[in-house]
Amino acid sequence: MTTSTVTRSPRPLGSSMRDRLGSAFGSWFLPSVAAVAIFAIMVALRPLVASTTGLNLVLAPLIPLVFAVLAQMFVVAAGDIDLGIGSFIGLANVVMAVVLPTDLVGGLLLLLVMLAGYAGMAVLISVRGLPSIVVTLGMSFVWLGIAILILPTPGGAVAPELVSFVRFTTPVVPGVVIVLTITTVLVALFLNRTKYGTVLRGSGSNAEGVRRAGWSVLRAKVSLYVLAGFFGLLSGLYLSGQTGGGDPYIASSYVLLSIAGVIVGGGSFRGGEVSAVGAVAGGLVVGLLGALLQFIGVQSSFQAAAQGLVLVLVLVLRASVAWIQKVRRTR
Amino acid sequence: MSDRSRGDTLVVEGVSKRFGSTLAVDDASIRVTRGELIGIAGHNGAGKSTILKIINGQLAGDAGSVTVNDVKRAADQTVAHPEKIGVRTVYQELSLCASLRVDETAAIFDHSARGLGWRRTAWKNLAAVLDDMFPEHGIRREAKINDLSIARRQMIECASAFIDSTVPPVLVILDEPTSSLDAAATVGFYAYLQRRAAEGVSVIITTHRLHEMIDNLSRIYVMRDGRVLGEHAAATATKDSLVDAMGLASHEEARTPTASALGRETGGVARSTSSNEVIVRLEQSGEDGSPEALEVRRGEIVGFAGLEGHGQLTALEAVYRAAGRRGRAGRNRRTPHHSVAVTGDAAYVSGDRGVRGIFPLWDVAKNISFSSLASVSSAGLIRSDSESALVGDWYRRLGIKGTSADPITSLSGGTQQKALMARAMAVGSDLLLLEDPTRGVDQATKSDVYELLRSQADTGQTIVWYSTENEELRNCDRVFVFRSGRVVATISGSDATEDVIIALSFGDSTDSTHEEELAR
């Protein structure tokens, strides 16, 4: 053999317009459209929502949720899932409402220890090969236990400086929009435009491949978890500033909502497949949906079910889009 | 060529590695001079992958030494960052991250791409190699790995092993680098290797495509059963001489007379004890395009042989899916190369018992009876007396020591495998499918298993058996040899010596339909 069988490959070079469009509209596109659409419906129902005050009122309660979604996103990027983020944010809230006002250094130290806890979980999961679902669920009771130990019943008072920092706004552009934009841009730049962000995403997608290329998989996992912990703390900070008090159970609904936000935002449990813009949009979709249902007057007893139903619909839609793309590609 | 070009890039001396009871690499020595392209040939399980992993320092050997670029280390030392001493490896199973873009992937391999324009730098370095290696690769930098064909992914892996990065490549190890590439890409790939070799880069290649090694390399080491049997100059080697060397029949044991005594007619005719009922029917298009059918009859033991990854597993799994369940008739299934029809139901035993077989928290009895619970239950409840009768019966037949209340994990690997086979056999299905059932099992247990299979076949159960160990296929009535997804030969079990199977599974590999399909 061989030169006799050499043939020029007739395959097209794969640079058609549709391919380009496909990569331009990544997984973040659909959730962003959904978030804008829900917001547009709300504005149509109550035009005041579009004013500075209206925006602040509608979006401010979503900021902690969006941070929780980003925290979850980093864990999902590692191919894991975090069931402890709700109690973790609750503990952060309690520390900020009870410990921080009386003992600044002790409070800050406690918050740092919490971050170290996330690093420890990453080491445990990476080195010992434990399933993240078990480790984070176990730790969720640890966080909750400590929070209840510090503050058995809701109470405490967040320092006024914290409150004013969180409620900061400008007369023209609402503060929440500024915070959301800056956060999204920073996280997206880090994940997509820095080399280490790429390594982090790669490590969730194919850890063995990244290790063979000479990177530390353990360090990548720890980085992702510490980032998750950091955004959990930010979420706690905003919750504390907005409520002014502490409550261990304040964020217990965030566990499932944050997972829903990541998945709606184009993330995948396969790991490595996440988008910062998508996650923020996913968080907004999940949060705005609740507000919208309230607006149209859905009874509060039906709200949870309706919210869940819409989320399932979004996921079905996404699955069908992915399926259509796959069929087109293989044809 | 500079005067540095003489001298050894790699010297491997007396390396051995043992996994449990098998000696994967036995006192192997290999030498690669600077700028040389060498190959390692051998059949499944000859120890090629193991010795490559010891060379690049991923795996610790038990004895011997490895010298790379005049730096000697004991083989029992692993190397955390082989890329820092210029050793690059492309593994058989792909190691790209599906969720990343092409330029991001390049950057992960290319440690020299830093700073603001890291993606552009990495892509520029990778594209330079890609354009040189595969002029018509058609890969765009913003494409996601997930969306690329397997062939293009393999191109990226091959190319990324030759980028300069911070430490230029000195020794590149390629494990089946061309398995998904079409003919044109393969030619370009080897031409590139020769250009790089002239610059002083040494390359080790393992591939089952022997003609590629003969045409493009300078020397070929032949391995078998962990030993390096010898080296052949590619200029004088032919495919036949390599196949002969790989299949040196010295260690073939004499077949036990009891197994071959009765009722084995050659030429693929069913044994006299079996009926003519067809249980499995595999249809494929023949060499000339006309359909041909392969039939497995009741009470027959048929082996699926060939090189790993040539379609045996796909066919076996299709047979399982085509079989009926719980009284319902099965339906025909299609694989890329076959149309499969099965009469009756089937049970499946996987050799990957840790993942796909045992229930580690249960005792042996529950592990055995799990698949037959319907037959030992009445009114939806499990009758413990029938269950223990069933389990006790299988304990006697298999000769498992201990009691059935022992936890399954207290048994040895081989005995666990026996229990798994008992589970599948206890169902009493028409068809028993075995996926490499004796993987990692000692010789004594293996003979027990062979005997057990024979007795099951005598009771009318049909057995289809995929194995990577060619010598055990002699225990089959017939053996189907697969190549490139198709059954290329049917031989009777008594003819199925390792030599014959090796020769048939390499066959005439100039037909490239399989490769083209993968590349698409």
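**View 1. B:Glu199 and its salt-bridge partner in the predicted model.** In this predicted model, B:Glu199 counts as exposed, at 59% relative accessibility. The partner of B:Glu199 in a salt bridge is B:Arg196, and the closest N and O atoms of the pair are 3.1 Å apart. B:Arg196 counts as buried, with a relative accessibility of 10%. The cut-offs behind these words are under 20% for buried and over 50% for exposed.

View 2. Over all chains, the count of salt bridges comes to 28.

**View 3. The salt bridge between B:Arg140 and B:Glu142.** The side chains of these two residues, B:Arg140 and B:Glu142, meet with an N to O distance of 3.2 Å. B:Arg140 has 15% relative accessibility and counts as buried. B:Glu142, at 23%, counts as partly exposed, because the cut-off for buried is under 20%.

**View 4. The salt bridge between B:Arg219 and B:Glu36.** The side chains of B:Arg219 and B:Glu36 form a salt bridge of 2.7 Å, N to O. B:Arg219 belongs to strand 9 (residues 219–224) of chain B, while B:Glu36 lies in the loop between strand 2 (22–33) and strand 3 (37–41) of chain B, so the pair ties together parts that are 183 residues apart in sequence. B:Arg219 is buried, at 15% relative accessible area. B:Glu36 is buried too, and its relative accessible area is 11%.

**View 5. Strand 1 paired with strand 4 in chain B.** Strand 1 (residues 8–19) and strand 4 (residues 63–68) of chain B run antiparallel and are joined by five bridges. Which residue of strand 4 is the bridge partner of B:Val12? The partner is B:Val66. In a regular strand, side chains alternate between the two faces of the sheet.

**View 6. The hairpin of strands 4 and 5 in chain B.** Strand 4 of chain B also pairs with strand 5 (residues 71–74) of chain B; these two strands run antiparallel, and four bridges join them. One of the bridge pairs is B:Thr67 with B:Lys72, the latter in strand 5. The two strands form a hairpin with two residues between them. In the turn, B:Asn69 has a positive phi of about 50°.

Key. Residues numbered from 1 in each chain as written. Chains lettered and ligands numbered in written order. Predicted model: local features only at pLDDT ≥ 70, side-chain atom pairs only at ≥ 80, totals over all residues. Heavy atoms only, no water. Pairing = 2+ DSSP bridges. Salt bridge = Lys/Arg side-chain N within 4 Å of Asp/Glu carboxyl O. Buried < 20%, exposed > 50% of the residue type's maximum accessible area, 1.4 Å probe, protein only.
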